[in-house]
Amino acid sequence: MPAYSLAALRARRFSTVYGVDFSGARLAGRTLWVARAEPRAGRRALRLVELVNLERAAGSPLRERALGYLVEMIRRSSDALWGIDAPFGLPVEVLDPGMTWAGLMRFVRDWRADGYDLGLWCLARARARGGPQHVYRATDRAARAPFDCYHYRIIYQTFHVMRDVLWPLRRSPGTAILPFHYGRLRAATRVLVETCPSSTLKRLGLPHHTYKQPEGGPLTGRRRRTRQAILEGLGPYVEIGATDRARIMRDGGGDALDAVIAAAGVADAWRSAPHEGIAGDARVRREGFLYA
């Protein structure tokens, strides 16, 4: 890894860490949350300083407006680590032999149908190989991700993060998208990585089921207790004030909480990630890595 040593990567402390609970839905802004946290001198735990819903921030729930606003938030950030809850790539098994991540990005940019159709294309490619229809990336297996990255519940996130966020940022000055741009890290002022709140909860030994209530309304007793257990377990990793705790408990879908988990998880994973091994892994450089 020519640009940065492993020790330098682990020692780097970003002044701001962002966690993004991403959505590729038509009304993406409604459930897309961004948590902004900052390190505190002498402490391992981050301090949550802002929790933003993109529908309110962008002034519209529509996907194009919300994701455009997110791209500009990222461009304006400095000395920042961004953990985004959406797959940055596809498994090599469904790609053409030798296709690079840059080639995949161009392929997705030029895709004329929608994300669901891209998922069907992946299924057909997997079937043609004679193996399982749903192929997990190596990093999905290692991090115990709940779904493969073209599962029907995930494919819109995969498609729209690649086309509408990573594509416009891939050559933005000062931006490194990992694990694909390790060579840019020395000059990068903002770093984007893929994370997964579910994987983080599993790694930390915290509950990872029964905390979402997408139908809305007051949380059931079981979901309330599960969220309280998660918040307590996150204590060593992120300090959350009373106002934001209340907002997290009121958000039925659990998206605000997922944004906070994304921030805490990516900050902790950054310190322990085997960066040299990631940067030197040919498979990872094509399909991505979960920093969770």
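## Asp140 and helix α6

In this predicted model, Asp140 makes contact with Ala145, Cys149 and Leu290, leaving aside its neighbours within four places in sequence. Asp140 belongs to helix α6, which covers residues 138-143. Its relative accessibility is 3%, so Asp140 counts as buried. The side chain of Asp140 also forms a polar contact of 2.8 Å with the side chain of Arg137.

In the loop between α6 and α7 is Arg144. Arg144 is partly exposed, at 47% relative accessibility. Its phi is near 60 degrees, a positive value in a residue other than glycine.

## Helix α7 and its two crossing partners

Helix α7 spans residues 155-169 and packs against helix α4, residues 101-110, at an angle of about 100 degrees, with the axes 9 Å apart. This makes α4 roughly perpendicular to α7. On the α4 side, the contact is made by Trp101, Leu104, Met105, Arg106, Val108 and Arg109. On the α7 side, the residues are Phe159, Met162, Arg163, Leu166 and Trp167. By class, the contact of α4 with α7 has eight nonpolar, no polar and three charged residues.

Helix α5, residues 115-128, also meets α7: their axes come within 8 Å and cross at roughly 110 degrees. That makes α5 roughly perpendicular to α7. Gly115, Tyr116, Leu118 and Gly119 of α5 make the contact with Ile155, Tyr156 and Phe159 of α7. Five nonpolar, two polar and no charged residues take part in the contact of α5 with α7. Phe159 of α7 is named in the contact with α4 and in the contact with α5.

Thr175 lies in strand β5, residues 175-177. With a relative accessible area of 3%, Thr175 is buried. Not counting residues up to four places away in sequence, Thr175 touches Leu169, His181, Arg184, Arg190 and Leu192.

Pro179 is in the loop between β5 and β6, the latter covering residues 190-194. The peptide bond that joins Leu178 and Pro179 is cis, with omega about 10 degrees. In general, most peptide bonds are trans.

## Tyr291 and Thr195

Tyr291 is placed in the segment after α13, a helix of residues 282-287. Its relative accessible area is 1%, so Tyr291 is buried. Apart from residues up to four places away in sequence, Tyr291 touches Leu178, Pro179, Tyr182, Val193, Glu194, Thr195, Gly265, Val266, Ala269, Ala273, His275 and Ile278. The C-alpha atoms of Tyr291 and Ala66 are separated by 24 Å, and the two residues are 225 residues apart along the chain.

Thr195 sits in the loop between β6 and α8. At 1% relative accessibility, Thr195 counts as buried. A polar atom of the Thr195 side chain lies 2.8 Å from the backbone oxygen of Tyr291. Leaving aside neighbours within four places in sequence, Thr195 is in contact with Gly83, Ile84, Asp85, Ala86, Thr200, Ala262, Val266, Leu290, Tyr291 and Ala292. Leu290 is named among the contacts of Thr195 and among those of Asp140. Between Thr195 and Ala138, 57 residues apart along the chain, the C-alpha separation is 14 Å.

## The loop between α8 and α9

Thr210 is found in the loop between α8, residues 197-203, and α9. Thr210 is partly exposed, with a relative accessible area of 28%. Although Thr210 is not a glycine, it has a positive phi of about 60 degrees. Most residues other than glycine have a negative phi.

## Helices α10 and α11

Asp244, Arg247, Ile248 and Met249 are buried in helix α10, which covers residues 242-250. Among the elements that cover these buried residues are strands β2 (33-39) and β3 (46-53). The cover also includes helices α2 (54-58), α9 (221-233) and α11 (255-272).

Helix α11 has 18 residues and reaches 26 Å from its first C-alpha to its last, close to the 26 Å expected at 1.5 Å a residue. Of the 18 residues of α11, 16 are buried, so the helix is largely enclosed by the rest of the structure.

Definitions and conventions:
Residues numbered from 1 in each chain as written. Predicted model: local features only at pLDDT ≥ 70, side-chain atom pairs only at ≥ 80, totals over all residues. Heavy atoms only, no water. Axes fitted to C-alpha atoms, helices over the stretch in contact; angles between N-to-C directions. Helix = DSSP H or I, 4+ residues; strand = E, 2+ residues; numbered from the N terminus. Parallel < 35°, antiparallel > 145°, perpendicular 65-115°, else oblique. Contact = heavy atoms within 4.5 Å. Nonpolar A, V, L, I, M, F, W, Y, C, P; charged D, E, K, R; others polar. Buried < 20%, exposed > 50% of the residue type's maximum accessible area, 1.4 Å probe, protein only. Polar contact = N/O pair within 3.5 Å; in protein donor to acceptor, adjacent residues only side chain to side chain. Expected span 1.5 Å × (residues − 1).
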